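Please examine the sequence and the structure shown below.

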Amino acid sequence: MLELAIKGSKKYYGWLAVVLGVIGAGFVTYLWQYFAGLGITGLSRDVSWGFYIAQLTFLVGVAAAAVMVVLPYYLHDYKAFGRITILAEFLAIPSVLMCLLFVLVDLGQPMRMLNVIFYPSPNSVLFWDMIVLNGYLLLNLLIGWNVLEAERQGIHYPNWVKPLIYISIPWAVSIHTVTAFLYAGLPGRGFWLTAIMAPRFLSSAFAAGPSLLILLCLLIRRISNFDPGREQIQSLAKIVTYAIILNVFFFLCEVFTVFYSQIPEHMDHFKYLFVGFNGHGALIPWMWTAMGLMLFAILMLVIPSVRRNEATLAIACIAIFIGTWIDKGLGLISAGFIPNPLHEVTEYIPTVPEIIITLGVYGIGALVLTLLYKMAISIKEDASA
Amino acid sequence: MMEKSRRRFLKIAGISALGLGAKPVLDVFASSEEDVVVEAPVQEGAPHVTETEAHHAATEPRIMRSPNAKVAPQWAMVIDTRKIQSHSDVEPMIEACHKIHNVPHMPDKKHEIKWIWETEFKHAFPNLASEYMAKRVEHLGLPVLCNHCENPPCVRVCPTKATFKNSQGIVMMDYHRCIGCRFCMAACPYGARSFNFFDPKPHIEEENKKFPTRMRGVVEKCNFCAERLAVGQKPACVEASNGIMAFGNLHDPNSEVREIIHSNYTIRRKQNLGTRPAVYYII
């Protein structure tokens, strides 16, 4: 099947070249970080996790697109989604791969990465995160590949794949839950110390992941002869609508508890993000933009005519994707460290090399996504021709 | 010197034993952990050999403890801040610690490495500071360091056991195992941990050859001077503190620290978090 991924038009090769260029730039910059140290990033003693870990957090959500398609298709026998399950599974693969790469580029001693396996520590949530992320990657690879290969040959996929599909559904929930637990169980970080962290991760994931999938479906219809289908896109749009409303609702629940209780350790981080704390507030415009985008998207999506129009739907999906990215990929992680446990403020702004390395990892994700989608779409085109 | 060559011998002996089977080597490390746990509270500084130790010694190679070693199931510190008059009372403690532990002076404050430092009451005890409080306390510079918690969150989150609680209650770091994920820094509610964002060696003023330097990409912090306790010395900051700090066995009701805790009202940092810090403050 792999041969399908390397046969394409000039435009296709051009796109691959661009992506490879971005990856190359990221890789060279990473070599600099590897030899010099993480000091070339904006991280500090006080804000010891930043952009990289935030991208991990966000992309775990994107990977969730898969379960929102797999679950209705296999558990509710919603036939329409059969057409796009492969797209959802193949979106999960590069997403999880990027998650793992973001952990890797964040390590101070990446050569010792295997110590996590040599000295397994079940008391550490990071140990479990490694297991669930790798497991989800493997599940989607096995399922996606075998189902697609069967489709290509016009046969039913082997029976042993079925249990894996069922396992992949709760497994998808586990990757968010465990990633949320990385933060939600730390005693001295009031911003993260909340039981609604995992539910918030799930809601923002089920909004961001399917939003991206809708955008990809629209793109595929434009650039290939395979149409993912209008009904499919509309069903995804309904999922996105519910999820983004839940996400904002969960956030407001958090805001109520924090501000009505008036406990400073929990309030100060929110103040830092939205109104500034002790004169510091680098993220204020970003956070209000995120809130604005999410509310704007809700207003659009709840109006049936706007949701049914694919052009306006696309705008809402872009708004959701950017809004949830700011919320998780920018605000959630650094704000947990500001103010620090001694109630001092050190702000965090990612540096240029840090952003280039981040783009490099996104480049790897884009490359893997392109190759996988190319294979899947070629087979789908043949099947429908 | 003696210590070093004995270690070397054991290392070589251990590696040779691998040829016959790895078990004896593993036993050396396993047993040294085990029998310290078995130990009942011991008098500070008293030389001792437990029964298990004697038994093991006859059969297998093992790492021996110095007869002078100070031993306790949980070390603790009491800082009497009433004795602090000014910055110059705290400075020597920081100086002594950072010097012998090869703690670098990083030029950028964001990459600062510190094992013990001075801070105001409102930063050391953010949940206890009031708008109106005793003038002396308000502007007092307090020494803060790793609390060697009895229930340490940093140890709980470490994915490689590179940070661990040793048999004497000290939260230790294995700089060779640490992968630099910094989960422990997120977990510590006291900001006690530092990360080597760059190679620290060029920023060490005068290297102490008796203590290892670190490399870039690993986390480090106060070790309650485990290396000094092992040879019967008190922690460097305690020695330099001119009586401001007391140090001893928390589980021994007759130890100096317990007597002080018994006869004075002490507080600990962020006690409400359940970490059970082993550094007590008299304000």
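This is a predicted model: local features need pLDDT of at least 70, side-chain atom pairs count only at pLDDT 80 or more; totals for chains, interfaces and linings use all residues.

One of the residues involved is Glu118(B), whose bridge partner in E3(B) is Pro143(B). Strand E3(B) covers residues 141-145 and is mostly covered, since 4 of its 5 residues are buried.

Chain B also touches chain A. In this contact, 41 residues of chain B meet 32 residues of chain A. Several elements of chain B each supply at least two residues to the side that touches chain A: helix H5 (121-124), helix H7 (153-157), helix H8 (183-187) and strand E6 (194-195). Of these, H8(B) gives the most, with 4 residues. Sorted by class, this side of chain B holds 20 nonpolar, 11 polar and 10 charged residues.

The loop between strand E5 (171-173) and H8 of chain B contains Arg182(B). This residue is not a glycine, yet its phi is positive, at about 65 degrees. Is Arg182(B) buried or exposed? Arg182(B) is buried, because 23 other C-beta atoms lie within 10 Å, and 20 or more are required for that label. A second residue of chain B other than glycine with a positive phi is Lys270(B), with a value near 45 degrees. Lys270(B) is placed in the loop between helix H11 (256-263) and strand E9 (279-282) of chain B. Lys270(B) counts as buried because it has 21 C-beta neighbours inside 10 Å.

In chain A, attention turns to helix H9 (residues 230-261). Just after H9(A), Gln262(A) takes a positive phi of about 65 degrees.

A further backbone feature of chain A concerns a proline. The peptide bond from Ile338(A) to Pro339(A) is cis, and its omega is near -5 degrees. Pro339(A) belongs to the loop between H13 and helix H14 (352-384) of chain A.

Terms used
Residues are numbered from 1 along each chain as its sequence is written. Chains are lettered from A and ligands numbered from 1 in the order in which they are written. A residue is buried if 20 or more other C-beta atoms lie within 10 Å of its own, exposed if 12 or fewer, and partly exposed in between; C-beta atoms are placed from the backbone. Two strands pair if DSSP finds at least two bridges between them. Two residues are in contact if their C-beta atoms, placed from the backbone, lie within 7 Å. Ala, Val, Leu, Ile, Met, Phe, Trp, Tyr, Cys and Pro count as nonpolar, Asp, Glu, Lys and Arg as charged, and the others, Gly among them, as polar.
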